[in-house]
Amino acid sequence: MLLKVGARDYKIEDELEMTTVCHRPEGLEQLEAQTNFTKRELQVLYRGFKNECPSGVVNEETFKQIYAQFFPHGDASMYAHYLFNAFDTAQNGSVKFEDFVMALSILLRGTVHEKLRWTFNLYDINKDGYINKEEMMDIVKAIYDMMGKYTYPVLKEDAPRQHVEVFFQKMDKNKDGVVTLDEFIESCQEDDNIMRSLQLFENVM
């Protein structure tokens, strides 16, 4: 009987915590409607988020520290910077749980178009609606740096540039020096490797 009461109290405390957290005005029901997650999944995600970020928001420095743990053999700071900017949809220097879970919903459970649109936004560093060659170069170089020399031991120094040259030529359909969202989506859908990589995380949760 005592155990039952304890379990019930714990559950109530849990639910209270979920509804009274700073920096998270939206309720779980609203997030459930806006994402592809169930209420239970949102609770699990929230506990993990709160565990890493007790204040309920993540700044860029914390984001970089968390990301660095996953790539100990490389320098993930630049890629984490770009990724943080893609998560930070309000561009105010912090990522709330809502921002995090909306992005995760797209990356894990979104349609192909949603995933590609999100990836385009990641590459569009200055958020002007186009990807130029320099932006693509910056992201690709950041990915190479993050993976580290243990992953790419035999690559030459100019490998990222060669990678970008080939890919940019393929994507810039009308040869105007920039890649639009439509060009990006069309090019990615023509590339089997990209389409396979988009499906990698679909069954994670």
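Helices (DSSP H or I runs of at least four residues) and strands (E runs of at least two) are numbered from the N terminus. This is a predicted model, in which local features need pLDDT of at least 70 and side-chain atom pairs count only at pLDDT 80 or more, while totals for chains, interfaces and linings use all residues. Residues are numbered from 1 along each chain as its sequence is written, and side-chain values use heavy atoms, with hydrogens and water left out.

**Annotated stretches**

Begin by selecting residues 75–110, 111–146 and 159–194, where an unreviewed UniProt entry places the feature "domain: EF-hand"; the positions follow the numbering used here, feature names are shortened, and such annotations may be inferred rather than shown by experiment. Over residues 159–194 the chain is 69% helix and 6% strand, with the end C-alpha atoms 19 Å apart. For residues 75–110 the corresponding figures are 67% helix and 8% strand, and the end C-alpha atoms are 29 Å apart.

Now show the side chains of glutamate 41 and arginine 109, which form a salt bridge with the closest N and O atoms 2.9 Å apart; the term requires a side-chain nitrogen of Lys or Arg within 4 Å of a carboxyl oxygen of Asp or Glu. Glutamate 41 lies in H3 (residues 39–52) and arginine 109 in H6 (residues 97–109), so the pair ties together parts that are 68 residues apart in sequence. Arginine 109 is partly exposed, at 25% relative accessible area.

Then pick alanine 86 in H5 (residues 77–87), which counts as buried at 1% relative accessibility. Its C-alpha atom is separated by 5.1 Å from that of leucine 122, 36 residues apart along the chain.

**Further salt bridges**

The structure holds seven salt bridges. Select lysine 133 and glutamate 165, whose side chains meet in one of 3.2 Å, N to O; this pair links H8 (residues 133–147) to H9 (residues 159–171), 32 residues apart.

Move on to aspartate 191 and lysine 170, which meet at 3.9 Å, N to O, in a salt bridge. Aspartate 191 sits in the loop between H10 (181–189) and H11 (192–199), and lysine 170 in H9; aspartate 191 counts as buried at 13% relative accessibility, whereas lysine 170 is partly exposed at 42%.

**Two loop residues**

Finish with glutamine 91, in the loop between H5 and strand S2 (94–96), and lysine 175, in the loop between H9 and strand S4 (178–179). Phi of glutamine 91 is near 55°, a positive value in a residue other than glycine, and phi of lysine 175 is likewise near 55°. Glutamine 91 is partly exposed at 45% relative accessible area, while lysine 175 is exposed at 52%.

Conventions
Buried < 20%, exposed > 50% of the residue type's maximum accessible area, 1.4 Å probe, protein only.
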